[in-house]
Amino acid sequence: MSLQFSVLASGSTGNAIYVETENQSFLVDAGLSGKQMQNLFEQIGRDIKKLSGILVTHEHSDHIKGLGVLARKHKLPIYANEKTWQAMDGLIGEISTEQKFVFQTGTVKTFGSLDIESFGVSHDAAEPMFFAFNHQGKKLALITDTGYVSDKMKGTIRNADAFVFESNHDVSMLQMGHYPWSIKRRILSDVGHVSNEDAAIAMMDVIGDATKRIYLAHLSKDNNMKDLARMSVQQTLASKGFITGEQFDLYDTDPTTPTPLVAI
């Protein structure tokens with residue numbers, strides 16, 4: 001079996017991504033209620049109880065809302081870095097020591113034939129990090145919740161077969177929207193979220209010959225739209241000769257509906 005994944009949910013209301021190989025299966029974040037997470041797993045025909053573990057990117061509620069409930073109910077291991085564990089204290093309830101594992105930023109953990117590399121991102125959390133999955137020559141790179149994409153991040157995710165890439169907001173929609181200026185400033189900052197255009201600019205440096213799928217993720221429900229995000233990313237990429245639909249395909253993600261489980 002090859003490397004397979006589904007973006008179960010993505011957006012400001014909750015985030016979760018499922019990744020599997022023939023012998024391992026991981027959930028990256030559990031940002032919806034336990035009941036919602038169960039429903040999402042049923043939609044892709046997978047069993048939460050069989051997970052190898054849950055990987056945590058950071059402690060914001062849209063990434064850990066159902067974490068404690070799922071871990072306790074199904075006795076699942078949780079992997080997070082030390083600062084994130086500290087920040088989650090009091091947010092996810094009691095987790096037994098046997099279920100708590102440290103996955104430090106900038107390291108690789110190997111589970112059978114699956115290598116998972118963690119890397120730091122720039123977001124207003126304790127120590128946010130995301131992951132690149134490597135299995136039998138295939139790579140899946142996940143990167144959302146970052147105010148910008150650094151050269152170091154690009155080096156880790158470059159030439160992935162598939163990307164789940166933040167395309168959070170349209171700058172004009174955000175600037176003209178109803179959010180207080182303090183929130184607008186946070187989103188636009190280096191520890192906020194990547195805009196549609198900035199996402200496309202970063203993609204130009206990481207798309208490689210292997211790249212076939214890019215999923216636009218973590219869209220703001222108030223400051224973006226699927227069609228707008230896709231059009232903006234396509235146009236920006238096209239300005240530098242990257243042709244979607246030929247070299248690679250762009251895919252939407254959704255806050256409540258999982259993407260089809262696909263192999264890369």
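Me: How many bridges join strand β9 to strand β10, and do they run parallel or antiparallel?

Reply: There are 4 bridges between β9 (residues 129–135) and β10 (residues 138–143), and the two strands run antiparallel. Two strands count as paired if DSSP finds at least two bridges between them, so β9 and β10, with 4, qualify. In one spot, Asn-134 stands opposite Lys-139 of β10. Bear in mind that this is a predicted model, where local features need pLDDT of at least 70 and side-chain atom pairs count only at pLDDT 80 or more, while totals for chains, interfaces and linings use all residues. Residues are numbered from 1 along each chain as its sequence is written, and side-chain values use heavy atoms, leaving out hydrogens and water.

Me: What makes β7 and β13 edge strands?

Reply: Each of them pairs on one side only: β7 covers 108–111 and β13 covers 249–252. They belong to an open sheet of 7 strands, ordered β7-β8-β9-β10-β11-β12-β13, with mixed pairing. The strand names come from DSSP: helices (H or I, at least four residues) and strands (E, at least two) are runs numbered from the N terminus.

Me: Which strands of this sheet does α8 touch?

Reply: α8 packs on the sheet and touches β11 (162–166) and β12 (213–217). Another helix, α9, also packs there, touching β12 and β13. Touching here is contact, meaning heavy atoms within 4.5 Å.

Me: Why are α8 and α9 called oblique to each other?

Reply: Helix α8 (residues 196–203) and helix α9 (residues 226–238) pack at about 40°, with axes 8 Å apart. Axes are lines fitted to C-alpha atoms, for helices over the stretch in contact, and angles run from 0 to 180 degrees between N-to-C directions. Under 35 degrees is roughly parallel, over 145 roughly antiparallel, 65 to 115 roughly perpendicular, and the rest oblique. The pair therefore ends up oblique.

Me: Which residues of α8 and α9 meet, and how do they divide into nonpolar, polar and charged?

Reply: From α8 come Asn-196, Glu-197, Ala-200, Ile-201 and Met-203; from α9 come Leu-228, Ala-229, Ser-232, Val-233, Thr-236 and Leu-237. They divide into 7 nonpolar, 3 polar and 1 charged. Ala, Val, Leu, Ile, Met, Phe, Trp, Tyr, Cys and Pro count as nonpolar, Asp, Glu, Lys and Arg as charged, and the others, Gly among them, as polar.
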